[in-house]
Amino acid sequence: MIRFDSVSKSYPKQNRPALRDVSLEVERGEFVFLVGSSGSGKSTFLRLLLREERATHGQVHVLGKDLARLSNWKVPQMRRQLGTVFQDFRLLPNKTVAENVAFALEVIGKSRGQTRKTVPEVLDLVGLGGKEERMPGELSGGEQQRVAIARAFVNRPMLLIADEPTGNLDPQTSVGIMKLLDRINRTGTTVVMATHDQQIVDQMRKRVIELEAGRLVRDQSRGVYGYQH
Amino acid sequence: MRAQFVLSEIGVGLRRNLTMTFAVIVSVALSLALLGGSLLARDQVSTMKGYWYDKVQVSIFLCNKNDAKTEACAGGAVTEAQKKKIKAELDDLDIVEKVYYESADEAYKHYKEQFKDSPLVDSLTSDQMQESYRIKLADPTKFKVISSAFSDRQGVQKVQDQKDLLENLFNLLNGMNIAALCVMALMLVVALLLIINTVRVSAFSRRRETGIMRLVGASGFYIQLPFILEAAIAGLIGAGFACTLLLGGKYFLIDNWLQEKIPLINFIGWDAVAQVLPLILAVGMLMPAIAAFFALRKYLKV
């Protein structure tokens, strides 16, 4: 599903590389936590997965494709097989819940009939049945994140990338979001989630990958957030 | 591709950016009207050239008795023998197609016709007018031959090529045309910069949408299309105004005003205007679309 072969990434005008010689592999259907302090390279890691950035050295394979060799015009096609969720939800404030989810289908040219069928299904799945016509502003943070997850999942992606999806939520709401992500994971979708939330990582007991100053310092199955060196 | 979705995006974009869109429309309209105007002016000049060059003549003005004090006519009025010799020589030249003789009386008659409204008419008498030979050349460019053969001749006051007079007029018209083209080029640059700026503002104000579109895998073309169409539509509206200005100019300025004031000139017809309009529309649509495409490349890369 994901393979990093001694991947380094440095940004221009920064002398310290954001990622240094990272190698790892994530299998289909895995649930992976990506932890590390701010500036440890988590965001760069996710940006490489989305091919918003290209690796400076080494190879990144996602969904069986070498991203360095993927030409620009094929990138959208690849991103349709990924779902992305962010800390700040990134919903369109002037569209309803249903329209926000439908937007993801419309802009990749899905037919109206298909959209009308899929959107209520996925909203039911994330537990927002009956709130289709609400505006994002009227929803709680947890509900907004559910809309974002619905939008990310509406294409049934192989891989779901979540960048601190619970960062703006209280612990109780976070647990609900984690249950939802777990359920999505059980349908066979690989989930990679960057997080700072110690409680969640400790509770879920999933694979934990820790980055520190751009280096992979820990890769532990059924791991916890804090690892005593 | 869903047309309705794209169209609603365009509508939103144009309305959100109303003032900028308006500026684009006005500047495109003005620059394209200038472009059309100068193209039509060029047509006008060539129609006039064709019309007038057909009628131009070289005139050999002969001395009359009043000209004796001028240098060319130091020998006094032209004699019958001199006139005959000139006529015979003209008839022998291959480049001369036809020679008319205009007597002083005829010249006076023409003069009276031409200036019948002027108070000066009565101050002249027929014996003050000059006799002349009016020569139609087979090749109007060969004026120099006549001029060098006859201008120093006894009894000849002056050889005048009417083409020279017209040439000055046409040069003036061409100069004005070039000036109009320069103004148009500047206006076009202004219009282009405005379009690029408008598209950037538009892209910036919709960066949330475009960001999401990129994330969910919308193709670059699909993301850019609303912006490009927006620019093209604004440009097309501007081009429409430019066409209206040209049609109005042809109807009000040429047909209803100039044609009546100056019936002598053969003005351009509607067919010439009709030929320019598609060009204006095409430029008005394509230029903003291409400008938008290049402006977006930096802003909406994958």
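In this predicted model, 25 residues of chain A are in contact (heavy atoms within 4.5 Å) with 18 residues of chain B. Between them the two chains bury about 1,900 Å², of which 58% lies on carbon and sulfur atoms; buried area here is the accessible area, taken with a 1.4 Å probe, that two parts lose on being put together, summed over both. Residues are numbered from 1 along each chain as its sequence is written, and chains are lettered from A in the order in which they are written. Local features need pLDDT of at least 70 and side-chain atom pairs count only at pLDDT 80 or more, while totals for chains, interfaces and linings use all residues, and side-chain values use heavy atoms, with hydrogens and water left out.

Across this interface the rule finds one salt bridge, a term that stands for a side-chain nitrogen of Lys or Arg within 4 Å of a carboxyl oxygen of Asp or Glu. It is formed by the side chains of B:Arg214 and A:Glu52, at 3.6 Å from N to O. Four residue pairs, with both residues at pLDDT 80 or more, are in polar contact across the interface of chain A and chain B. A polar contact is a pair of N or O atoms within 3.5 Å; within protein, one must be able to donate a hydrogen and the other to accept it, and residues adjacent in sequence count only if both atoms are side-chain atoms. On the side of chain A that touches chain B, the elements giving two or more residues are helix H2 (75–79), strand E6 (82–86), helix H3 (97–106) and helix H4 (112–125). Helices (H or I, at least four residues) and strands (E, at least two) are DSSP runs numbered from the N terminus. H3(A) gives the most to this side, with three residues.

A:Lys9 lies in strand E1 of chain A and A:Glu53 in the loop between helix H1 (42–49) and E4, so the pair ties together parts that are 44 residues apart in sequence. Both A:Lys9 and A:Glu53 are buried, meaning under 20% relative accessible area, with exposed over 50% and partly exposed in between (1.4 Å probe, protein chains only). A:Glu53 also meets A:Arg47 in a salt bridge of 3.0 Å, N to O, and A:Arg47 is partly exposed, with a relative accessible area of 31%.

The structure holds 22 salt bridges over all chains. One of them joins the side chains of B:Glu230 and B:Arg206 at 2.4 Å, N to O. This pair links distant parts of the chain, with B:Glu230 in helix H8 (residues 220–261) of chain B and B:Arg206 in the loop between helix H6 (162–205) and helix H7 (207–215), 24 residues apart. B:Glu230 and B:Arg206 are both buried.

Turning to the sheet of chain A, four strands form an open sheet in the order E2-E1-E4-E5, with antiparallel pairing. Strands count as paired if DSSP finds at least two bridges between them. Strand E2 (19–26) and strand E5 (65–66) stand at the edges, each with a single partner strand, so one side of each is left without a neighbour in the sheet. Strand E1 (residues 2–9) and strand E4 (residues 57–62) run antiparallel and are joined by five bridges, and A:Ile2 stands opposite A:Val62 in E4(A).

A:Asn100, in helix H3 of chain A, is buried at 0% relative accessibility. A polar atom of the A:Asn100 side chain lies 2.7 Å from the backbone nitrogen of A:Leu92. In chain B, B:Arg134 lies in strand E3 (residues 132–137) and is buried, with a relative accessible area of 17%. The side chain of B:Arg134 makes a polar contact of 3.5 Å with that of B:Ser59. B:Tyr111, in helix H4 (residues 104–114) of chain B, is buried at 18% relative accessible area.
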